[in-house]
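Good morning, and thank you for joining this group meeting.

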Amino acid sequence: MPTFLTPGRHGYSVRFSRTRPDALAVATSQYYGLAGGGTLFFLELAPDGTTLLELQKLEWSDGLFDVTWSGTSDGAAACGAGDGAVVVWRVGVSAPLRVFRGHSGEVCSVDWPRAHLLSASWDTTVRLWDPDREACLSTFAGHSQLVYTAVFSPHSPATFASVSGDGHLKLWSCTEPSRPAAVVKAHEAEVLSCDWSRAETHALATAGSDGLVRGWDLRRLTAPMFTLKGCECAVRRVQFSPHAPSVIAAVSYDFTTRIWDLKRGCEPLETIRHHSEFTYGLDWNALRPPQIADCGWDSLVHVFTPRCLA
C-alpha cells in the first residue's frame, strides 16, 4: 500500500487530480491546526504503484484545512486556510497564483469543479468566487453556526449544498444568495460533511458528529432515506463512490475508514484501521476504480483499494 509521511504536519484533506490518475494534493497543518503554518503537498504515485513521491511542497503562514483541484485549469488547486484566505497554487509554481480574502474565519471547505469556486468558513458563510476576475460574486449567510462543507451539485452547475454546526443541510441556488432553496435538520448534532451521488440526481449524504451517515432524497426531505451506523466517533467526511452508486465511504475520528454498500444493508462492509489518530481526509480516485486515498492527524497519507471492492 503506497504511504506518504508528512513530517510535523497533520493531514486534513487529500484529493486525487481530476485529470491525472496518479496525482494527488494533500492539505496539512502544524500543531493540529491550533497554531503554526500549513503545507500543501503535491504527490505522485510511482509507475510501479507501490510508492508515493513528493513532487512539491508549498508553505502558507496559517493552517491549510481543505484542498480541491480545479475542474477547468490543469494543475491548479485551491486551499482553504486558517486565516480566512482561499489560496490558489499550480503544480510546478512556487508562489500562489491568487489569494482570495473575504472570510473572517477559518476556511474549512473548498470546491472547484467548474469555472466558479466555493468556500465555506467558520464565519458561518459560504462564498462564491470567480477566480478569473479574482472577485467574490456572492455571500450566502443562512447558517447560524460555522459551515463545515459546501459542495456543488455534479448535476446542476448553479446548485450547491452546505452543512453546518447548526445541524442543518441547506440547498442553494447560486443566483439566489438571500435564502436557501431547501432546509432540513439533518442531524441532532453538528453536520461535518455532505456529498452528492454521482448517479442519482436527487440523492445526498450527510455525516455528523453523532457518528451517523444519512442519505437524503431531495424530492422528499421529511425523513432520511437511510442511516448508516458503525462509526464510534464523529464522521469527518463522507463520499459516494463515483463508480458504484450504492457504495459509500466515510472517515471518522475513531481512526477508521469505512465502506458501505447500500444494496447489502446498513452495516459496514469493511472497516480499515491503518491510522493512529483522527482520520480526516478522504477521496475516491475517479480515474482508477475503486482506489481510495485517506489522510489523518498521524501525518500519514494512504492510497489503497478496499478488500471488499477488490
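This is a predicted model: local features need pLDDT of at least 70, side-chain atom pairs count only at pLDDT 80 or more; totals for chains, interfaces and linings use all residues.

The secondary structure of the protein chain consists of 28 strands and zero helices. Its radius of gyration is 18 Å, close to the 19 Å that the globule rule gives for 310 residues, so the chain is as compact as a globular protein of that length. Along the principal axes, the C-alpha atoms fill a box of roughly 45 × 45 × 35 Å.

Let us consider burial and surface. Of the 310 residues in the protein chain, 58% are buried. The chain exposes about 11,800 Å², and carbon and sulfur atoms supply 50% of that area. As for charge, there are 27 positive and 32 negative charges, and their mean positions lie 4 Å apart.

I turn now to the interior. In soluble globular proteins, nonpolar side chains tend to be buried together. Which residues touch the most other members of the largest nonpolar core? They are Leu40, Phe42, Trp60, Leu64, Val67 and Trp89, in a core of 15 residues. Several strands each supply at least two residues of this core, among them strand S4 (38-45), strand S5 (52-60) and strand S6 (64-69).

Leaving aside neighbours within four places in sequence, valine 67 is in contact with Ser13, Arg15, Ala25, Ala27, Leu40, Ala77, Ala78, Cys79 and Val110.

Finally, a word on the chain's contacts. Among those between residues at least 6 apart in sequence, 45% join residues at least 24 apart.

Terms used: Residues are numbered from 1 along each chain as its sequence is written. Side-chain values use heavy atoms; hydrogens and water are left out. Helices (H or I, at least four residues) and strands (E, at least two) are DSSP runs, numbered from the N terminus. The radius of gyration is taken over C-alpha atoms; the globule rule is 2.2 Å times the number of residues to the power 0.38. Buried means under 20% relative accessible area, exposed over 50%, partly exposed in between (1.4 Å probe, protein chains only). Contact means heavy atoms within 4.5 Å. Accessible areas come from the Shrake-Rupley method with a 1.4 Å probe; for residues, only the protein chains shown count as cover. Lys and Arg count as positive and Asp and Glu as negative; His and the chain ends are not counted. The place of a charge is taken as NZ of Lys, CZ of Arg, CG of Asp or CD of Glu. A nonpolar core is a set of buried Ala, Val, Leu, Ile, Met, Phe, Trp, Tyr and Cys residues joined through side-chain atoms within 4.5 Å.
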